[in-house]
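The tour goes stop by stop.

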Amino acid sequence: MSERATITLLGAAGEVTGSCTLLDTPRGRVVIDFGLFQGSPEQEHRNLQVPEIDWPHVDGVIVTHAHVDHCGRLGMLPRLRCAAPIFATPPTADLLPRVLRSSASLQVLRHEEWRNGTTPIARVIDPPPEPGTKSKTSSSEPPILYDAHDAMLAAETICPIEYNVWREIKPGLRFRFHDASHIIGSASVEVAFILNGIERKVLFSGDLGPARSPLLRARELLPDVDVVLMESTNGARNFTASSSSADALADVVQRVAARGGKILAPTFALGRAQTLLLRLAELSRLNKLNGMNVYLDSPMAIRASELCGRYPALLEPALRAAAEAGNDPLHFAGLQHLFNRRQSLKLTKSAQLGIILAGSGFCDAGPVLHHLAALVADSRNALLFAGHQIVGLLGHSLLHHAKLIELKEGMFEVKAERVHLEGLSGHADQGDLVAWIGAREGGTPRVILNHGEQASRVALAGAIRSGLGLETELPDFMKSIEVL
Ligand SMILES: [Zn+2]
C-alpha cells in the first residue's frame, strides 16, 4: 500500500489568527505554529477548543515567528502532555519565553479583573456600536489557557536552530528554516520526509515580509518543493509607493510639534515598533524630530529592538554595516526606553513634547490606554496608527470615527488628529506575494493558501491564476487534505 502525507489547517483557515497546521507523514508528525485566536471574546474562546490531535505523539513543534497569533498557545503544550521540542530560529527562541510569560500573566490578570469587576474600560460611546458588535469589555469570562508555570515548562523545550541548517526530527523526517523577512527571527519552514522511498518536501511560508524590508535582509527565494502552504494576509491589497513615504511621518512630526502637541502611536511590540523606530532614527539624524523625544513604552519592543543589533547579519545591508561598526540602527539621540508602569504613568504627567510608542497596537489593553486618557481630548495632539486595525476594537474606531470614548479615567471627546501611516507593514502585499510564489528555484508546486480573511485568499488565488497561470487550493478549517 502506498504511503500518504496529509495537512490539516487547525487555525488561520480563511482568517488571520490562530495559526496552527498539522503535517502528518509516515515518518512522523509535526505541528507548525500554535497561535492564539484574537479579536472578539468569541474568537478568544475558540482558544479553549484545542484541536483533537494526538498531542503526546507529536514529534516536533516548529514555530515560524514570535507573534502571538503564531506562538501564543505554545504554553498549553504541557497540559496537553506534548513534550516535543519547540524548534525556532535563535532570535525567535530568545523572544518566545518572554512572549509566553507575558501572555500567561495577561490571561491571569484579565481573569482577575473580570472576577473583581475591574476590567479596564476601553469603548466607544459615540457613535454607538453597530447592533451585534461586542467589545472587549463583554461580560463573558476571559479564558485562562495556561499559567506562568506552564509557560516556563514550555520554554524549557525550546530548541534554537540556525537558518538554512537541516535538523533531523526522526529518521526520514527533517526540516530547515528560511528567512521570511517579516520580523526579526521570522522564518518559512521547509519540511522534508521520505515517502514511498523518495524524499518529498513541503514548505510553510509563515508570515512573509515585503519584497524589500527597510529593516531586514531580503527574504529567501522559495526552494524547490512539492507543496507550498502560503499566507494571504494582504492578498487583496497593494500598497502604493506614495503611502510608504517616510515624508508623511516627517510631516506629522513637524505639524504636531509646531502646535505644541504630542504624538501617541499605538504600537505592536514585534515588528511595527522596530520599523517606526527606524523611521524616527532617520528623522533624528536629519534633525527633523523638532525637539521631540521618542518614548518606547514596551519592554517587549525594547527587547526585540535590541535583538536587531545582536543579529546584524539578519539586517538590511546598510543597517548591517552600521550595526557591525557598533552603531545600533534603532538607537538615536532623544530615544528613551520605559521599562515599567511607574515610568509610563510618570510620562503622562510630563509637559515635555514627545512621541510615545505604546502597546497594545489595537488599543484594547496596556499602557496606551492611560496615554490615551491623557492625550485624546486635546486637538494639539495626534494619534498615529501605523498598521492594520481589527473591526470592533477601540483602535479601529479611534482611527475612523469615534467621537466620544470611555476609559477607566472617564469620558473623553476625541479631538486629537487621527493619522494613518501606511507602508510600514511587515507583510508582503498582493504583488509581493505573487512575486514570491512566481520566483521559485524549482518546478511548479501544489499551492495551498491559508492565513488570510476569505476575501483576501480568494483575491490572491485570482491574482496568482491571472499572473502565473497557477491554480491554488483554499481548504476549510479542520479539514485534512492529502497533499502527497
Ligand atoms: Zn506575524
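A nonpolar core is a set of buried Ala, Val, Leu, Ile, Met, Phe, Trp, Tyr and Cys residues joined through C-beta atoms within 7 Å. Buried means that 20 or more other C-beta atoms lie within 10 Å of a residue's own; with 12 or fewer it is exposed, in between partly exposed, and C-beta atoms are placed from the backbone.

This is a predicted model: local features need pLDDT of at least 70 and side-chain atom pairs count only at pLDDT 80 or more, while totals for chains, interfaces and linings use all residues. Residues are numbered from 1 along each chain as its sequence is written.

**Stop 1: the core**

Select V61 and V228. They have the most contacts inside the largest nonpolar core, which has 138 residues. Helix α6 gives the largest share of this core, seven residues. Domain 1 (6–237 + 426–482) and domain 2 (242–420) both contribute residues, so the core lies between them. Those domain bounds come from an automatic or database domain assignment.

Stay on V61. Leaving aside neighbours within four places in sequence, V61 is in contact with V31, F34, L74, L77, A84 and I86. Contact here means C-beta atoms, placed from the backbone, within 7 Å.

**Stop 2: the two domains**

Colour domain 1 and domain 2 separately. Their centres, taken over C-alpha atoms, are 27 Å apart. The contact takes 29 residues from domain 1 and 34 residues from domain 2. Which elements give two or more residues to the domain 1 side? They are α3 (90–116) and β6 (122–126). Helices (H or I, at least four residues) and strands (E, at least two) are DSSP runs, numbered from the N terminus. The domain 1 side divides into 14 nonpolar, eight polar and seven charged residues. Nonpolar covers Ala, Val, Leu, Ile, Met, Phe, Trp, Tyr, Cys and Pro; charged covers Asp, Glu, Lys and Arg; the others, Gly among them, are polar.

**Stop 3**

Select β6 with β18 (404–407). The two strands pair in the antiparallel sense over four bridges. Strands pair if DSSP finds at least two bridges between them. R123 stands opposite E406 in β18. L407 stands opposite G410. β18 and β19 form a hairpin with two residues between them.

**Stop 4: helix α10**

Select residues 368–375. Seven of the eight residues of α10 are buried. They are V368, L369, H370, H371, L372, A374 and L375. These pack against β6, β13 (263–266), α9 (341–348), β16 (354–358) and β18.

**Stop 5: helix α6**

Move to residues 272–285. α6 has 14 residues and reaches 20 Å from its first C-alpha to its last. That is close to the 20 Å expected at 1.5 Å a residue, where the expected span is 1.5 Å times one less than the number of residues. Eleven of the 14 residues are buried, including R272, Q274 and R279. The buried residues of α6 pack against α5 (247–258), β13, β14 (293–297), α7 (299–310) and β16. Just after the helix, N287 takes a positive phi of about 60°.

**Stop 6: the open sheet**

Show seven strands in the order β8-β9-β10-β11-β12-β21-β22, an open sheet with mixed pairing. β8 (167–170) and β22 (472–473) are the edge strands, each pairing on one side only. Zoom in on β9 (residues 173–179) and β10 (residues 187–195): they pair in the antiparallel sense over seven bridges. End on R176, which stands opposite E190 in β10.

Notes
Two residues are in contact if their C-beta atoms, placed from the backbone, lie within 7 Å.
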